[in-house]
Protein chains: 2
Amino acid sequence: MAEPASAYLQLEENCARLSAISGAVATLHWDSAVIMPQGGNEARAEQLATLGVISHEILTRPEMGALLDEAEARGDTLDSWQRANLREMRNRWRHATAVSPDLVAAHSRATSRCEMIWRTARLENDFAALRPSLEDVVTLTREIAAAKSAAFGIAPYDALLDEYEPGCRTSVIDPLFTELEGFLPDFLQAALERQKAAPPVLRPEGPFDLLVQKDLGLTFMTALGFDFEHGRLDVSHHPFTGGIPDDVRLTTRYESDDFTQSLMGTLHETGHALYEQGLPKRWRSQPVGLARGMALHESQSLLIEMQLSRSADFLSFALPKIRAAFGGSGPAWETDNILRLYQKVEPGFIRVDADEVTYPLHVILRYRLETAMLSGDLPVADLPAAWNSGMRQALGLTPPSDRLGCLQDIHWPGGAIGYFPTYTLGALAAAQIFAAAGRALVDLPAQVRRGEFAPLLAWLRENIHAHGSCRSTDEILHAATGAPLGVAAFKAHLRARYL
Amino acid sequence: MAEPASAYLQLEENCARLSAISGAVATLHWDSAVIMPQGGNEARAEQLATLGVISHEILTRPEMGALLDEAEARGDTLDSWQRANLREMRNRWRHATAVSPDLVAAHSRATSRCEMIWRTARLENDFAALRPSLEDVVTLTREIAAAKSAAFGIAPYDALLDEYEPGCRTSVIDPLFTELEGFLPDFLQAALERQKAAPPVLRPEGPFDLLVQKDLGLTFMTALGFDFEHGRLDVSHHPFTGGIPDDVRLTTRYESDDFTQSLMGTLHETGHALYEQGLPKRWRSQPVGLARGMALHESQSLLIEMQLSRSADFLSFALPKIRAAFGGSGPAWETDNILRLYQKVEPGFIRVDADEVTYPLHVILRYRLETAMLSGDLPVADLPAAWNSGMRQALGLTPPSDRLGCLQDIHWPGGAIGYFPTYTLGALAAAQIFAAAGRALVDLPAQVRRGEFAPLLAWLRENIHAHGSCRSTDEILHAATGAPLGVAAFKAHLRARYL
């Protein structure tokens with residue numbers, strides 16, 4: 001094969017520079033959440049804004065379009081990874097150039113302002129205080145969606161979705177969500193009935209030493225294959241996985257009266273982290289080396305948390321260690337009780353606290369509402385009423401306050417319309433991928449009970465992580481599971497676990 | 001006054017961008033030293049290199065020279081801070097443009113390589129392994145010095161010195177160092193004689209809990225006025241003060257069998273940190289808002305450590321707290337003994353472990369050697385012999401190995417020729433400034449004994465910190481102490497403390 005055309009090599013160089021900047025940005029974001037004293041806020045915002053502007057300038061330089069054209073015209077000089085890399089470059093460039101810099105700046109200012117107002121408005125349960133700035137954000141997000149819609153020739157909501165899950169469209173989501181809406185309400189009732197018949201769930205009594213909780217988290221991260229040469233575990237108010245693949249910064253939070261949440265939180269983030277650490281090393285500085293999208297990312301965290309760690313097999317490995325760490329004994333510490341605790345189903349107001357049965361209903365509600373806000377069918381002023389009526393319909397609950405209702409999530413104030421569906425797409429994918437792994441690794445349940453996770457990780461590395469963004473989510477899922485994304489594996493998983 | 005010319009405002013905007021980038025770089029450097037797992041090294045180096053290149057590109061854009069010319073031509077529209085800011089911009093720009101980008105890149109590669117080799121060569125006491133790469137560094141540093149010498153019309157060594165201590169010249173340093181060389185050897189003998197007559201120094205016996213050591217550090221930092229809303233204390237292998245004025249990241253290290261070093265280390269860095277936190281808020285993003293230079297910076301750390309914290313007054317405030325923290329009692333914990341411990345004079349091989357009497361002799365030796373290497377009078381191959389003969393002359397000691405000799409410091413492998421003198425200029429300035437503060441605050445000794453540091457800090461803020469880089473070091477010293485930098489106050493301080 002000939003040398004890649006110089007246009008392509010120049011693009012790779014630009015992308016390496018963008019990757020170095022975004023790696024710096026990721027570290028600074030982590031630092032803001034974990035380390036930084038309050039007084040550093042303003043200067044940090046300035047640093048992040050400046051690096052954002054510089055990245056945008058590099059990506060939208062006048063010569064970039066011509067370089068992309070030229071490199072595409074010489075696609076015959078490229079191998080398949082390079083071609084995929086070029087496709088990803090083009091996609092980034094399209095997103096960056098579809099919107100005028102003024103609109104990007106206005107949107108960024110509006111979301112920063114709205115997020116700040118949201119923090120207070122949520123605490124004070126004051127939707128009226130949020131409304132004007134949220135209207136600004138929705139208006140500007142609609143302008144962005146319209147601009148991208150025109151540039152890409154796809155629907156406005158699809159154009160937003162494409163940022164978080166490239167290639168995904170409402171035409172893919174709608175049938176999946178409709179099927180879930182048909183299935184989940186009855187299933188939920190059946191699961192609740194069955195739960196009622198079981199013994200009541202007991203909560204182990206604390207206090208639980210925070211350092212012991214951390215050590216336990218580290219133990220399970222190590223067992224699962226997290227590489228501490230290339231990452232850390234720290235504490236932040238909202239758990240997240242940040243950093244870069246070579247240095248994954250995972251955070252969790254601890255409560256002294258309950259170890260169960262923080263442990264599953266750590267395991268959830270470990271799923272994200274293993275994906276990042278498994279991305280192809282050769283392509284770390286290029287778009288094709290990045291994680292495929294938010295749905296696949298969430299599939300990896302939910303696979304580790306929901307499919308694996310809340311299973312009876314995993315708990316039979318983990319519980320002896322947990323009991324030993326806290327010196328726990330008595331009925332609350334028995335395996336069956338802890339299993340019931342970790343598999344408890346309970347309709348509630350808050351998405352992030354939801355179990356895996358009710359979670360998709362939270363997401364589908366938000367999806368309906370955000371598509372309606374984007375199309376203009378739902379004015380922001382009517383959001384609280386629409387939210388509450390949706391919650392009644394989906395879960396039979398009426399939020400007693402907007403704080404427990406439409407003020408709970410940061411996504412919309414942050415301008416992230418089009419993000420929510422990826423949580424549930426990820427849950428579906430997690431079930432489908434874990435089922436495929438179970439077919440490939442016939443000994444998997446016994447391995448899990450013995451705490452041997454290397455075969456599972458190796459399978460995920462090969463079938464999911466190592467592809468980076470070389471293939472589409474669809475192609476990756478197809479190759480790994482033999483089918484496009486569907487609801488069947490998720491339903492089978494729920495039936496097996498809850499009925 | 002008219003609006004500042006738009007050229008000046010454009011320059012301010014560029015500088016704000018450079019400041020945001022250098023703030024990001026400072027945080028990433030801190031992260032590398034304190035937080036980062038080993039495996040993040042390569043990606044971090046790439047991030048820092050990229051941000052360095054971007055900064056250099058911004059600073060050396062073709063239009064910058066014209067903007068500077070234009071803004072200077074319209075100096076009448078600027079107030080005194082803006083004019084000083086413009087002067088600092090010009091100085092930065094001169095340093096950045098005097099050297100070809102190729103030479104900058106070659107120097108940066110050579111120093112990275114040499115620093116890496118140095119780490120092993122020092123451990124293995126192998127000067128021969130270091131020599132070739134150190135020769136490269138010296139050769140390239142000479143080329144830089146020659147280029148800057150030609151551009152600025154000053155001597156090559158002065159051109160390097162100017163990076164670390166703007167405006168400083170060997171013509172200022174030479175008479176000061178000559179005077180010190182005349183004074184210190186006899187003084188040292190006298191101090192050692194007097195020490196011999198005193199009771200032997202006892203070391204408090206550990207172990208000393210690391211968290212207690214940290215708490216003590218935090219207590220004294222708070223007492224001295226460190227603002228924890230805008231900074232932190234952490235641990236690193238080599239203590240340093242990093243971050244930015246709004247978020248000062250100070251580090252120290254603890255040893256469980258000796259609290260005395262880490263405590264003084266923390267106080268030393270606190271002096272640096274107080275300077276940073278006291279820089280003018282209005283000018284935080286501009287060159288004129290930066291600390292004046294390395295000599296004044298070192299003067300602030302040595303003022304807090306050497307002048308203040310190792311004094312009998314400070315220890316009479318601090319010792320009861322230290323004793324209480326560790327539950328210390330007995331002869332080793334008596335005030336007189338701890339004072340003797342903190343004021344012990346002892347010729348040794350290692351600069352960073354040296355007391356304030358012998359420290360300047362270490363520095364002067366390095367100054368003589370680095371000026372000779374730069375002029376070509378001293379080939380790198382002859383460095384070990386020249387070092388050892390210099391040590392014999394200065395301190396009567398022959399290093400038993402290069403590890404305890406010319407391999408001990410990272411400065412030359414890092415290309416930092418011209419840096420060493422600032423340590424001793426800082427020590428002289430510290431004595432002179434502390435004496436002036438003592439004249440201005442007649443109650444100072446009693447305040448120190450009571451742990452009241454606010455008056456001293458206020459005086460330093462007003463007379464040193466608040467000037468940023470608006471005035472020269474000389475002007476600041478003159479205004480604060482009534483005299484140019486001299487040796488008199490340092491000599492008086494040594495006589496009062498050690499004879």
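Two residues are in contact if their C-beta atoms, placed from the backbone, lie within 7 Å. By that rule, 28 residues of chain A are in contact with 28 residues of chain B.

Before I go on, a word on the model. It is predicted, so local features need pLDDT of at least 70 and side-chain atom pairs count only at pLDDT 80 or more, while totals for chains, interfaces and linings use all residues. Residues are numbered from 1 along each chain as its sequence is written, and chains are lettered from A and ligands numbered from 1 in the order in which they are written.

Back to the two chains. Which elements of chain A supply at least two residues each to the side that touches chain B? They are helix H1 (6-34), helix H2 (41-59) and strand S1 (231-235). Helices (H or I, at least four residues) and strands (E, at least two) are DSSP runs, numbered from the N terminus. H1(A) gives the largest share of that side, 8 residues. Sorted by type, the side of chain A that touches chain B has 11 nonpolar, 9 polar and 8 charged residues. Here Ala, Val, Leu, Ile, Met, Phe, Trp, Tyr, Cys and Pro count as nonpolar, Asp, Glu, Lys and Arg as charged, and the others, Gly among them, as polar.

How are the copies placed? Two copies of a chain are related by a rotation about an axis and a shift along it. In this model, a rotation of 180° with 0.0 Å of shift along its axis superposes chain A on chain B, with an RMSD of 0.0 Å. The two copies are thus related as by a two-fold rotation axis. The superposition is by least squares on the C-alpha atoms of residues with pLDDT of at least 70 in both copies. Of the interface residues of chain A, 100% are also interface residues in chain B, so the copies meet through the same surface.

H1 of chain A also meets H1 of chain B. The axes of H1(A) and H1(B), the latter covering residues 6-34, come within 10 Å and cross at roughly 75°. That makes H1(A) roughly perpendicular to H1(B). Axes are lines fitted to C-alpha atoms, for helices over the stretch in contact, and angles run from 0 to 180 degrees between N-to-C directions. Angles under 35 degrees count as roughly parallel, over 145 as roughly antiparallel, 65 to 115 as roughly perpendicular and the rest as oblique. Ala24(A), Thr27(A), Leu28(A) and Asp31(A) make the contact from H1(A), with Ala24(B), Thr27(B), Leu28(B) and Asp31(B) from H1(B). These residues divide into 4 nonpolar, 2 polar and 2 charged.

Next, the inside of chain A. Its domain assignment gives domain 1 (1-97) and domain 2 (138-499); such bounds come from an automatic or database domain assignment. How far apart do the C-alpha centres of domain 1 and domain 2 of chain A lie? The C-alpha centres are 28 Å apart. The contact takes 20 residues from domain 1 of chain A and 19 residues from domain 2 of chain A. On the domain 1 side, H1 and helix H4 (80-97) of chain A each give two or more residues, and H1(A) has the largest share with 11 residues. That side of domain 1 divides into 9 nonpolar, 7 polar and 4 charged residues.

Two helix pairs follow. In chain A, the axes of H14 (residues 359-375) and H15 (residues 383-395) come within 10 Å and cross at roughly 145°. Leu361(A), Leu365(A), Arg368(A) and Leu369(A) are the H14(A) residues that meet H15(A). The residues of this contact divide into 9 nonpolar, 1 polar and 1 charged.

In chain B, the axes of H16 (residues 421-440) and H20 (residues 488-498) come within 7 Å and cross at roughly 80°. H16(B) and H20(B) are therefore roughly perpendicular to each other. From H20(B), Ala489(B), Phe490(B) and His493(B) take part in the contact, which has 6 nonpolar, 2 polar and no charged residues.

Last, the backbone. Most residues other than glycine have a negative phi, and most peptide bonds are trans. A cis peptide bond joins Gly206(A) and Pro207(A), with omega about 5°. Pro207(A) lies in the loop between helix H8 (170-197) and helix H9 (210-224) of chain A. Asn125(A), a residue other than glycine, has a positive phi near 55°. Asn125(A) sits in the loop between helix H5 (101-123) and helix H6 (127-152) of chain A.
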